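Here's a walk through this fold, starting with a pair of strands and ending at a single side chain. Keep the structure open as you read.

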Amino acid sequence: MILRFMVSLAMDAAFIFILVFSSMFLSTEAFQSNCFTLNCGDGAPDIRFPFWVSGRQPHYCGRPAFELSCKHNTTMIRFPSYGDLVVKSISYGDRKLQLLDPNNCVHQVFLNLNLSHTPFRYYYVVKNYTYLNCSTRLPPSFSEVSCLSGPRHHIYTVKSSLVLPESCRPVKTVAIPFSYSPYLADNSFGLGLSWSSPERDEDCEAKGGQCGLQTGCLGFSIKNLNFGDVSDKMLKILLCILTVILVMSIKIHHSKKVDMQLENENLLEVLRC
């Protein structure tokens, strides 16, 4: 009887082991197949965690603020304060995002881009510059921002400490990497941004493999999709499950044995009477 019980226990444990292992393996495989590294076209930067591509990957493949899109084989990122910018390159080691303005007017981006509610910051050192709107052209020592100017208004970027000319009024003072120069083409320099991420992201990236977000009862948690790490975790979990099953089965068997002994004792007392 005890042998039959142990065989039944072993079969139940094996069934639960296979069920749990299979579900975790399939979940990991699905994660890996969806969160692969991709790009928007030939020569476009590789896209991986924390970035992800909307419409081509599930949202858990990256962090919400790092959503990218592919338009005509071009990688794009959208900022609510400005709009779409072209992603020229992504350096994951340096955490540098090199951007271009599709309108070829980087100072229009500087004037309107607000990074305060994003994980991004300017990669280069910034200084305060004031944008001036002037009714007449200033002397040649001032460089006019041609992409923002028109026949009746002339835009300049100057140091904030400069005394304002009479024909000019300040538009906005912003902290930007450089003032306008006619010798610096927008597309040759571009917009350099860096990003910050939680320490657990760094730990995940250091282990290699693929990283993504996994939803749980406490929200989002970082998950490394390297199968070697996953298999170690699964083995520990399964060993815990088997231990719990074994302890519970022994207790149930012991309880049944005690009940049978009590029934036998009661039956003997009845026969004696």
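**From strands to cores**

Start with strands S3 and S4, which pair antiparallel over four bridges. This is a predicted model, so keep that in mind as you go. Three residues make up the hairpin that takes you from S3 to S4, and Ile 77 has Leu 85 in S4 as its bridge partner. Ser 89 sits opposite Gln 98 in S5. The hairpin here has four residues between the strands, and Arg 95 in it takes a positive phi near 55 degrees.

Now look at the packing. Ile 77 turns up again in the largest nonpolar core, which has 38 residues; Ile 77 is among those with the most contacts inside it, along with Phe 51, Phe 79, Leu 97, Leu 99 and Phe 120. S3, S4 and S5 are among the elements that each supply at least two residues, while helix H2 gives the largest share, four residues. Domain 2 (32–122 + 178–221) and domain 3 (127–176) both contribute, so this core lies between them.

Asn 133 lies in strand S7 (residues 127–134). Is Asn 133 buried or exposed? At 17% relative accessibility, Asn 133 counts as buried, because the cut-off for buried is under 20%.

Note on methods. Residues are numbered from 1 along each chain as its sequence is written. This is a predicted model: local features need pLDDT of at least 70, side-chain atom pairs count only at pLDDT 80 or more; totals for chains, interfaces and linings use all residues. Side-chain values use heavy atoms; hydrogens and water are left out. Buried means under 20% relative accessible area, exposed over 50%, partly exposed in between (1.4 Å probe, protein chains only). A nonpolar core is a set of buried Ala, Val, Leu, Ile, Met, Phe, Trp, Tyr and Cys residues joined through side-chain atoms within 4.5 Å. Domain bounds come from an automatic or database domain assignment. Two strands pair if DSSP finds at least two bridges between them.
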